[in-house]
Amino acid sequence: KSSRRQHGDDAKSKKRRRREEKKGRRRTKKNGGEDDGSESSSGASVDGEGNPVRRSVISGKRIRMHVEKDDDDVVRERARKEMLQFMNAAL
C-alpha cells in the first residue's frame, strides 16, 4: 500500500511540475520572450528626434496621433455638434 501512495504522489508531483512549467512558458510569451522587461532594439521605432513612434501592427505604417484640421473639418464638426444637440433635445 505504501508503494502505491508513493507512486500516486510522484504522479501528482510530476503533473504539478508540468503545470508550473507551462505557466512559466505562458508568462514568457506574454512578455515577448524577455524576462527583464526591456524592449528589443528591433521592436522600438524612433523618429529623427529620438521620440518613440507608434506603428500599425498589420501594415507597419506610422500611426499619426494628431492630424491638423482644415476649415472643412471645423465646419463639419460644428454641424455634427448642432445635429447631436437637436437629436438629443427631441428625446
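**Charges and contacts**

Modeller: Start with Arg 76 and Asp 73, whose side chains form a salt bridge at 2.8 Å, N to O. Bear in mind that the model is predicted.

Colleague: What makes the contact between Arg 76 and Asp 73 a salt bridge?

Modeller: The N to O distance is 2.8 Å. The cut-off is within 4 Å, so the pair qualifies.

Colleague: Where do Arg 76 and Asp 73 lie?

Modeller: Both are in helix H2 (residues 71-90). They sit 3 residues apart, about one turn of the helix.

Colleague: Why is Arg 76 called exposed?

Modeller: Its relative accessible area is 53%. Exposed means over 50%, so Arg 76 passes.

Colleague: And why is Asp 73 called partly exposed?

Modeller: Asp 73 has 27% relative accessibility. That value falls between the 20% and 50% limits, so Asp 73 is partly exposed.

Colleague: How many salt bridges are there in the whole structure?

Modeller: The search finds 2. Lys 69 and Glu 77 also meet in one, at 2.5 Å, N to O.

Colleague: How do you know how to class Lys 69 and Glu 77 by accessibility?

Modeller: Lys 69 is at 53%, over the 50% limit, so it counts as exposed. Glu 77 has 32%, between 20% and 50%, so it is partly exposed.

Colleague: Which residues form the positive surface patch?

Modeller: Lys 12, Lys 14, Lys 15, Arg 16, Arg 17, Arg 18, Arg 19, Lys 22 and Lys 23. One of them, Arg 17, is found in helix H1 (residues 2-30).

Colleague: What makes that patch positive?

Modeller: Its members are Lys and Arg residues, and these count as positive, so the patch is positive.

Note on methods: Residues are numbered from 1 along each chain as its sequence is written. This is a predicted model: local features need pLDDT of at least 70, side-chain atom pairs count only at pLDDT 80 or more; totals for chains, interfaces and linings use all residues. Side-chain values use heavy atoms; hydrogens and water are left out. Patches are made of residues with over 30% relative accessible area and no salt bridge: like charges are joined within 9 Å, nonpolar side chains (Val, Leu, Ile, Met, Phe, Trp, Tyr) within 5 Å. Accessible areas come from the Shrake-Rupley method with a 1.4 Å probe; for residues, only the protein chains shown count as cover. The place of a charge is taken as NZ of Lys, CZ of Arg, CG of Asp or CD of Glu. Helices (H or I, at least four residues) and strands (E, at least two) are DSSP runs, numbered from the N terminus. Buried means under 20% relative accessible area, exposed over 50%, partly exposed in between (1.4 Å probe, protein chains only).
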